[in-house]
Amino acid sequence: MLKIKDLHASVEGKEILKGLSLEVKPGEIHAIMGPNGSGKSTLASVLAGNEDFEVTSGSVDFLGDDLLELGPDERSHKGVFLAFQYPVEIPGVSNINFLKAAINERREALGEEPITAKEFLQRVKEKASLVELDNKLTNRSVNEGFSGGEKKRNEIFQMAMLEPKLAILDETDSGLDIDALRIVANGVNQLRSEDRSFVVVTHYQRLLDHIVPDFVHVLYDGKIVKTGGKDLALELEEKGYDWIKREASAVTA
Amino acid sequence: MDLAKEMTKEQAVLDSLKSSYNHAVADSFGSTSSKSLVNLESLELPTTKVEYWKYTRTGQIANKDWKFGDLDSVDLPENLPVAKHRMVFVNGHFDSKRSTLPEVEGLSILPFSKSKVEDSIALSEEDIFRAWNTAMPQDGYVISLAKKKVIEDPLQMVFLYSGKNTIAQPRSFIEIAENSELKISEFHIHTTGSLAFANAHSEVIVGDNAHLKVDIVQHGSEKGFHLHEIFGEQGKNCTYTQNTFTLSGNWTRNNTTFRLTDEHSECNLYGFYIPNLKEHIDNHTIIDHEKPNCVSNELYRGVLLDKSTGVFNGKVFVRQDAQKTNAFQSNGNIVVSDTATMNSKPELEIYADDVKCSHGSTTGQLDDEAVFYLMARGLSKESARKLLINAFAEDVLEKLVNEELREIIEDTIHTKLA
């Protein structure tokens with residue numbers, strides 16, 4: 001589904017990703033872990049098409065398309081979804097109206113008929129309950145005045161509404177208490193399917209108790225330096241990142 | 001030498017106006033007009049050295065050979081809402097054929113030249129534009145509404161401007177008496193390709209406990225000039241609300257001045273503007289709180305595209321006597337292009353000590369993060385921009401008195417953003 005090869009990316013002239021490769025097959029969950037500043041969020045942003053990041057070399061193939069050639073909206077139409085680490089507050093733009101517009105623009109791009117009002121409302125009702133998102137919140141301005149937990153739940157709600165093929169969760173667990181974390185993880189788990197993959201970017205192992213990954217990758221200094229199963233996350237939780245850093249340095253040296 | 005040259009410029013404009021003036025001044029207004037003519041002997045066009053005109057140049061107005069125009073056959077805009085009461089003016093001439101004025105008891109609507117207006121509440125010796133208009137006024141509307149009359153349907157006032165080097169000086173006057181209520185939808189439209197200078201002046205008197213709500217839609221041309229001054233006085237317990245939408249125009253200057261002369265009244269001035277290309281839009285407002293317990297609200301929002309320039313200057317006076325004043329003023333701008341400019345200056349002058357006043361001005365670019373967020377959900381860049389700008393405009397649009405105008409305004413916003 002997703003093939004990243006030797007990806008280099010920089011922001012404001014500073015190289016952050018330094019040759020990252022990763023392959024994600026349909027239905028798999030990959031966790032990306034790593035110390036602060038290792039490039040986790042950069043990877044998420046680059047995959048979603050944030051223009052602040054410049055890809056200097058490498059390739060990203062998504063279901064046969066060169067992802068890097070596509071704008072953020074086109075990536076979304078193809079089935080890529082990014083749950084933001086810091087969801088943006090947009091006063092005056094209603095959550096519901098913008099989601100409807102988003103769904104219909106995608107449908108138009110795919111040559112499909114617009115969603116009917118009935119179908120849309122039904123989907124809103126169904127998906128909002130998935131993350132226990134209050135009806136009032138779905139109707140409010142996008143993220144405006146939402147608590148941290150509500151914002152993250154809104155991200156998962158939007159993900160559920162858009163039914164992506166590849167969902168990238170950028171530190172969705174950060175700032176969440178255990179109840180909110182459980183709700184968010186539960187929402188994600190219910191969306192798991194054979195043809196939907198997840199890339200879960202996280203600093204802490206805690207989230208992976210609830211969203212169990214098939215693979216855990218450790219990102220350090222812009223590269224994946226170690227890959228393992230879910231047990232690797234536990235090991236990292238216990239031992240910290242220092243041994244990874246030492247190992248990585250030893251390899252480079 | 002320079003000074004002498006400037007003087008001849010103003011004299012040249014005045015001579016040209018005098019020689020082409022083809023309007024009858026109402027007898028009642030005769031002496032006021034004559035006084036203005038005398039004042040014009042010494043009035044000069046303001047330069048940018050004058051604070052009130054710091055960011056708006058008048059030089060191009062002085063350079064043209066303006067002549068009064070005729071009642072040309074200019075089409076009404078297609079999207080004009082249906083209206084029970086409609087007055088149409090073309091180049092300052094009342095177009096009776098296309099006006100509909102059914103009789104309503106207590107409501108008098110006349111063209112200015114047929115009215116009994118005697119004097120002006122705005123002083124003509126202070127301002128050359130006002131003096132030009134007062135010296136050689138043309139037809140605008142004169143509306144008076146009797147006590148306790150409530151008119152539900154908005155009166156529609158359509159001003160059309162056309163021709164080349166055409167000056168039009170409509171003069172309007174509204175007085176609504178105690179406990180009455182009135183709504184007005186006003187359109188000022190310069191035909192495409194025309195080069196007209198509209199020097200429109202209106203005066204408004206809102207009686208005790210009365211409520212007047214006005215929407216103004218301005219559509220200038222790519223070459224024309226549009227100046228609109230509204231001078232008002234409010235009595236006790238009354239409300240005046242004005243929404244000004246400047247949708248286009250090469251050069252637009254709006255001066256709105258309101259005096260709150262008695263207690264417990266409210267003055268609401270709202271505006272939205274979206275200039276593109278090299279358009280210039282300048283909103284100047286003055287609200288004068290002379291008496292206690294009054295409220296004023298101002299919200300002006302602008303979206304500046306291309307090489308356009310915008311100006312906002314809002315002045316609020318709170319006089320010594322005006323305790324318990326509540327004055328709120330805000331000007332927000334989105335500067336979409338790197339080459340657009342906005343000059344915003346909110347001003348407060350407070351001489352009372354028990355008041356609540358706030359003013360603020362923000363000018364920024366479209367939020368890139370928000371655009372990316374929306375695009376990441378599948379919206380195109382254009383849709384994302386439109387959605388954000390609509391949301392920004394909505395805070396003013398929601399003040400519309402006549403919801404039927406919404407489509408006209410939104411259409412322009414969308415066309416300009418495409």
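## Close-up views of a two-chain predicted model

**Figure 1. Overall build of chain A.** The secondary structure of chain A comprises 10 helices and 12 strands; helices (H or I, at least four residues) and strands (E, at least two) are DSSP runs numbered from the N terminus. The model is predicted, so that local features need pLDDT of at least 70 and side-chain atom pairs count only at pLDDT 80 or more, while totals for chains, interfaces and linings use all residues. Residues are numbered from 1 along each chain as its sequence is written, and chains are lettered from A and ligands numbered from 1 in the order in which they are written. The C-alpha atoms of chain A fill a box of roughly 60 × 40 × 35 Å along the principal axes. Of the 253 residues in chain A, 44% are buried; a residue is buried if 20 or more other C-beta atoms, placed from the backbone, lie within 10 Å of its own, exposed if 12 or fewer, and partly exposed in between.

Figure 2. Four strands of chain A, in the order E2-E1-E4-E5, form an open sheet with antiparallel pairing. Strand E2 (14–24) and strand E5 (65–66) stand at the edges with a single partner strand each, so one side of each has no neighbour in the sheet. Strand E1 (residues 2–11) and E2(A) are joined in the antiparallel sense by eight bridges; two strands pair if DSSP finds at least two bridges between them. A:Ser10 lies in strand E1 of chain A and stands opposite A:Glu15 in E2(A). A:Ser10 is partly exposed, with 16 other C-beta atoms within 10 Å. Not counting residues up to four places away in sequence, A:Ser10 touches A:Glu15, A:Ile16, A:Glu54 and A:Thr56; two residues are in contact if their C-beta atoms, placed from the backbone, lie within 7 Å.

**Figure 3. Helix H3 of chain A.** Helix H3 (residues 95–109) of chain A has 15 residues and reaches 21 Å from its first C-alpha to its last, close to the expected 21 Å at 1.5 Å a residue; the expected span is 1.5 Å times one less than the number of residues. Among the buried residues of H3(A) are A:Phe98, A:Leu99, A:Ile103 and A:Arg106. Just after H3(A), A:Gly111 takes a positive phi of about 75 degrees.

**Figure 4. The largest nonpolar core.** This core has 173 residues, and those with the most contacts inside it are A:Phe81, A:Ala83, A:Ile168, A:Val200, B:Leu212 and B:Leu374. Helix H6 (residues 381–397) of chain B gives the most to this core, with eight residues. A nonpolar core is a set of buried Ala, Val, Leu, Ile, Met, Phe, Trp, Tyr and Cys residues joined through C-beta atoms within 7 Å. Leaving aside neighbours within four places in sequence, the contacts of A:Ile168 include A:Phe81, A:Ala83 and A:Val199.

**Figure 5. Contact between the two chains.** In this view, 17 residues of chain B are in contact with 21 residues of chain A. On the side of chain B that touches chain A, H5(B) gives the most, with seven residues.

**Figure 6. The surroundings of B:Asp208.** B:Asp208 is found in the loop between strand E10 (195–206) and strand E11 (211–219) of chain B. B:Asp208 is partly exposed, with 17 other C-beta atoms within 10 Å. Leaving aside neighbours within four places in sequence, B:Asp208 is in contact with B:Glu178, B:Gly235, B:Lys236, B:Asn237 and B:Cys238.
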